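Trainee: I would like to learn how to read features from a model. Can we work through one together?
Mentor: Gladly. Ask about a feature, and we will take the general idea before the case.

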Amino acid sequence: MPGGTRSLAIVMDDPDAVAAVGKQWVHWTAWNIGAGTAEIAGGLPAGAVEGRTDFGEVGYGGPAPPDREHVYVFSLYALDAELDLEPGAARDSLESSMRGHIVATARLRGRYAP
C-alpha cells in the first residue's frame, strides 16, 4: 500500500450500460476496508461498509448486461482516512467523501456477456 494509506474503497461499475439504460450502472461500492487487506474472499473484512447499487440494494450486484458483452470496471482507492458514511450510501456520497483523501487509485477491467 502507498504510504499514508489508512483505508480502501472500491467502486464497481458498468460504463457500457450508458447505451442500454442511459447511465453508468453501479454494481458495488464498499469503503473503510482495512489498509492491510490483501484479499476479499467470502465477504468484506470487519469494519468495512457497503453502499447502495443501482439495483436498489446494499451489497454486491454482479454483472448483468442487458444487451451484449459489457466491460466492468473495479476501481480501488487508497485513502488517507476512514470515511464517515452510513451503510447504503450512494456512489455520489462516497465520491464526495473521498475527495481530498485519495492517495492512489488502481483499476481492473473485465468483460462479461449474457
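Trainee: Where is Val26 found?
Mentor: Strands here are DSSP runs of E with at least two residues, helices are H or I runs of at least four, and both are numbered from the N terminus. Val26 is found in strand S2, which covers residues 25-34.

Trainee: What should I know about the source before going on?
Mentor: This is a predicted model, where local features need pLDDT of at least 70, side-chain atom pairs count only at pLDDT 80 or more, and totals for chains, interfaces and linings use all residues. Residues are numbered from 1 along each chain as its sequence is written, and side-chain values use heavy atoms, with hydrogens and water left out.

Trainee: Does Val26 count as buried or exposed?
Mentor: Start with the cut-offs. Buried means under 20% relative accessible area, exposed means over 50%, and partly exposed lies in between, with a 1.4 Å probe and protein chains only. Val26 counts as buried because its relative accessibility is 6%.

Trainee: Which residues does Val26 touch?
Mentor: A contact means heavy atoms within 4.5 Å. Not counting residues up to four places away in sequence, Val26 touches Met12, Asp13, Arg52, Thr53, Asp54 and Arg91.

Trainee: What does the side chain of Thr53 reach?
Mentor: First, the criterion. A polar contact is a pair of N or O atoms within 3.5 Å; within protein, one must be able to donate a hydrogen and the other to accept it, and residues adjacent in sequence count only if both atoms are side-chain atoms. The Thr53 side chain reaches the backbone nitrogen of Phe55 at 3.0 Å.

Trainee: What does the side chain of His27 reach?
Mentor: The backbone oxygen of Gly62, at 3.0 Å. A polar atom of the His27 side chain also lies 2.7 Å from the backbone oxygen of Gly61. His27 is found in strand S2. His27 is buried, with a relative accessible area of 1%. Beyond four places in sequence, the contacts of His27 include Met12, Asp14, Tyr60, Pro63 and Tyr72.

Trainee: How do I read a backbone angle such as phi?
Mentor: Most residues other than glycine have a negative phi. Asn32 is not a glycine, yet has a positive phi of about 60°. Asn32 lies in strand S2 and is buried, with a relative accessible area of 11%.

Trainee: Asn32 is also in contact with Ala48. Where is Ala48 found?
Mentor: In the loop between S2 and S3. At 22% relative accessibility, Ala48 counts as partly exposed. Leaving aside neighbours within four places in sequence, Ala48 is in contact with Trp31, Asn32 and Ile33.

Trainee: What about Ala78?
Mentor: Ala78 lies in strand S4 and counts as buried, at 6% relative accessibility. Among its contacts beyond four places in sequence are Pro2, Leu8, His101 and Val103.

Trainee: Now the whole protein. How many helices and strands are there?
Mentor: The protein has two helices and five strands. From the N terminus on, the elements run β-α-β-β-β-α-β. The radius of gyration is 14 Å, close to the 13 Å that the globule rule gives for 114 residues, so the protein is as compact as a globular protein of that length. That radius is taken over C-alpha atoms, and the rule is 2.2 Å times the number of residues to the power 0.38.

Trainee: What share of the residues counts as buried?
Mentor: Of the 114 residues, 38% count as buried. Of the contacts with a separation of 6 or more, 66% come from residues 24 or more positions apart. Along its principal axes, the C-alpha trace spans about 40 × 30 × 25 Å.
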